[in-house]
Amino acid sequence: MSETPAKKTDASGLLEKTAGRILNAILAPSIKPALIYCLLPVLVFLSLFIGRYDVDPVHVLLLLAAPVVNLLPEYILHIYPVWSAAEANVIYQIRLPRVIAAVLVGAGLSMAGAAYQGLFKNPLVSPDILGVASGAGFGAALASHVSWNI
């Protein structure tokens, strides 16, 4: 004997429908791309001052702007250092290279995924089709076994 699923006529079903309509009305199709494009710079900036060593967001802005602004003559505009040497080292030596590497790796992975989807004309394609996952696993095992100092 088969049971028919109960229809969502209770308050939670109505709440889900209403929330979905409100969200679609707020995030109109013209706003969604702008939100996506603005998300990466905001997250990159946030990741520069969040970490084990706290750096003031104003100091991060000054650290990033100082090399460009200080190319101008001093009587026009100049940024004097108000940050410590440790903050400059944390931003320039640790966080900024990691953030740039993360953005580049993400861009590379997205391009590889798009190439796979275009090649196989399948939006659900996985790297297992050509054996890329197996090759990556072998490379990781080989690297950990050999452990060369790079």
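Is L39 buried, exposed or partly exposed? At 45% relative accessibility, L39 counts as partly exposed, where buried denotes under 20% relative accessible area, exposed over 50%, and partly exposed the range in between (1.4 Å probe, protein chains only). The structure is a predicted model, in which local features need pLDDT of at least 70 and side-chain atom pairs count only at pLDDT 80 or more, whereas totals for chains, interfaces and linings use all residues. Residues are numbered from 1 along each chain as its sequence is written, and side-chain values use heavy atoms, with hydrogens and water left out.

The protein contains 5 helices and 0 strands, arranged along the sequence in the pattern α-α-α-α-α; helices (H or I, at least four residues) and strands (E, at least two) are DSSP runs numbered from the N terminus. Of the 150 residues, 13% are buried. The accessible surface of the protein, computed by the Shrake-Rupley method with a 1.4 Å probe, comes to about 12100 Å², and 70% of this area belongs to carbon and sulfur atoms. When contacts (heavy atoms within 4.5 Å) are taken between residues at least 6 apart in sequence, 49% of them join residues at least 24 apart.

The largest nonpolar core comprises 13 residues, and those with the most contacts inside it are V55, V60, L63, I79, W83 and I91. Such a core is defined as a set of buried Ala, Val, Leu, Ile, Met, Phe, Trp, Tyr and Cys residues joined through side-chain atoms within 4.5 Å. At least two residues of this core are supplied by each of α2 (31-49), α3 (57-69) and α4 (85-120). In soluble globular proteins, nonpolar side chains tend to be buried together.

Helix α3 has 13 residues and reaches 18 Å from its first C-alpha to its last, close to the 18 Å expected at 1.5 Å a residue, the expected span being 1.5 Å times one less than the number of residues. Within α3, the residues H59, V60, L63, A66 and V69 are buried, and the elements covering the buried residues of this helix include α2 and α4. Not counting residues up to four places away in sequence, L63 touches W83, E87, A88, I91 and Y92. H59, also found in α3, counts as buried because its relative accessibility is 17%, and, with the neighbours up to four places away again set aside, H59 touches V82, W83 and E87.

W83 is placed in the loop between α3 and α4 and is buried, with a relative accessible area of 18%. Leaving aside neighbours within four places in sequence, W83 is in contact with H59, L62, L63, A66 and A88. For one of these residues, L62, the C-alpha atom is separated from that of W83 by 8.4 Å, although the two residues are 21 apart along the chain.

K121, found in the loop between α4 and α5 (132-146), has a phi near 50°, a positive value in a residue other than glycine, and counts as exposed at 72% relative accessibility.
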